[in-house]
Amino acid sequence: MIRPTFKANATLSRHHTTNALDAPLAVPDWHTQLRGALEETLLHELGATRIAGEFRITRHDRLSIEDDAAFSALVETTAGVSGRLELRGTLSLRAAEEGDDLALGGGVIGMRTGRIVATAALQAGLRLAPDTTLAVEAAASRDMPRDTRFQDDILPATRLEPLRERLRVAATLTRTEGAFGYGLFAAAGLMRARAIGVLPEIRVADYAARVHAALKLDDGPTLAAAAGLAMLDVPVASFRKVRPTYEISAALPLAGRLTLRGALRAAYDTASNDDPVAVWLRRAEAGAVYAAGPRLAFAAGFFRQERDFIGLGGGEAGRGLYGEAAWQAHERLAIVLRVDASRYLPAPHGIARRALDAQIALRANL
């Protein structure tokens, strides 16, 4: 019997938020979001090729300036060169049109920015011994934003974000002994932001090294942890700083129906577009999932985070909580109700942004 490889899913959701703007000025609004994904796997002599696509479209009832749309496509090929070596190559392309707002005087004006992000990656997995593997990867991406357009053409279209190019190499060595695994990780990256306006070209190098370990028991608790050092180097600003990094995550099933989850992280975020250099992120989150029956589940949790903007200065502290109920109405259809409450406070001074969001979503596997 041939197992079908085509997969597709779609989610249609209706949201209400007390603050649709990314600003202290709270404006309530409703919006509708449609998301979907397609995936097909083609088998060949050496392995398989996966072709996938995703889309997300958001439309607001009042604030059309916040409407978004994004489409992405991916091709990934895996080839088993030998019994010890496996190669994987990936090409992806993402196109997006992002709506946002800009505080101006006592109000806000809408602005829209289109962007295309192209990424190529190559991974190699080598089994050094029955219980030891080495994974090496290299990736390159090009983020190409367009000119930002302003609501009612109140300002001329302007390039607000630079073209960014990113290169990254990483290696992971892992040894497994039953349910326990441990090893070493090392990575190096380079981001180049092209000159834009009065801002010169910026090159940012980042380096990371850490040890990692994981424990996974059958139908039992899982624990993963990593700790090490990360360095950020910005020659144009004579900036170089090394910070300790860590990442811990755990899941604990209790009484067959309740699962507790938690995670703690501190690291540089060099992929964020919120800062021209990087963001130093610290985040903690915890939650619980309760299976009330084979078709009904409840979830709740909270997060707390702090972000420091390396290039722009200042930062932001945020916290929030959520509650969710999911009903598997049919084998291929689920209904989800969710409520999120969040608060973000700019540092060292600023006005807090608060929002209460509620949504109902229909998720269908096609």
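Which strand does arginine 353 lie in? Strand 19, covering residues 353–365. Strands here are DSSP runs of E, at least two residues, numbered from the N terminus.

Some ground rules. This is a predicted model, where local features need pLDDT of at least 70, side-chain atom pairs count only at pLDDT 80 or more, and totals for chains, interfaces and linings use all residues. Residues are numbered from 1 along each chain as its sequence is written, and side-chain values use heavy atoms, with hydrogens and water left out.

Now, confidence. pLDDT is the predictor's confidence in each residue, from 0 to 100. The protein chain has a mean pLDDT of 92, and 98% of its residues reach 70 or more. Among its elements, strand 7 (residues 132–145) has the highest mean, 97. Strand 8 (residues 149–150) has the lowest, 89.

Back to arginine 353. Its relative accessible area is 17%, so this residue counts as buried (under 20%, with a 1.4 Å probe, protein chains only). What does arginine 353 touch? Its contacts (heavy atoms within 4.5 Å) include Asp22, Ala23 and Pro24, not counting residues up to four places away in sequence. Aspartate 22 is 331 residues apart from arginine 353 along the chain, yet their C-alpha atoms are separated by 7.6 Å. Glu316 is also touched. The side chains of arginine 353 and glutamate 316 are joined by a polar contact of 3.0 Å. That term means a pair of N or O atoms within 3.5 Å, one able to donate a hydrogen and the other to accept it; residues adjacent in sequence count only if both atoms are side-chain atoms.

Last stop: threonine 132, in strand 7. Threonine 132 is buried too, at 12%. A polar contact of 3.5 Å joins its side chain to that of arginine 175.

Key:
Helix = DSSP H or I, 4+ residues; strand = E, 2+ residues; numbered from the N terminus. Buried < 20%, exposed > 50% of the residue type's maximum accessible area, 1.4 Å probe, protein only.
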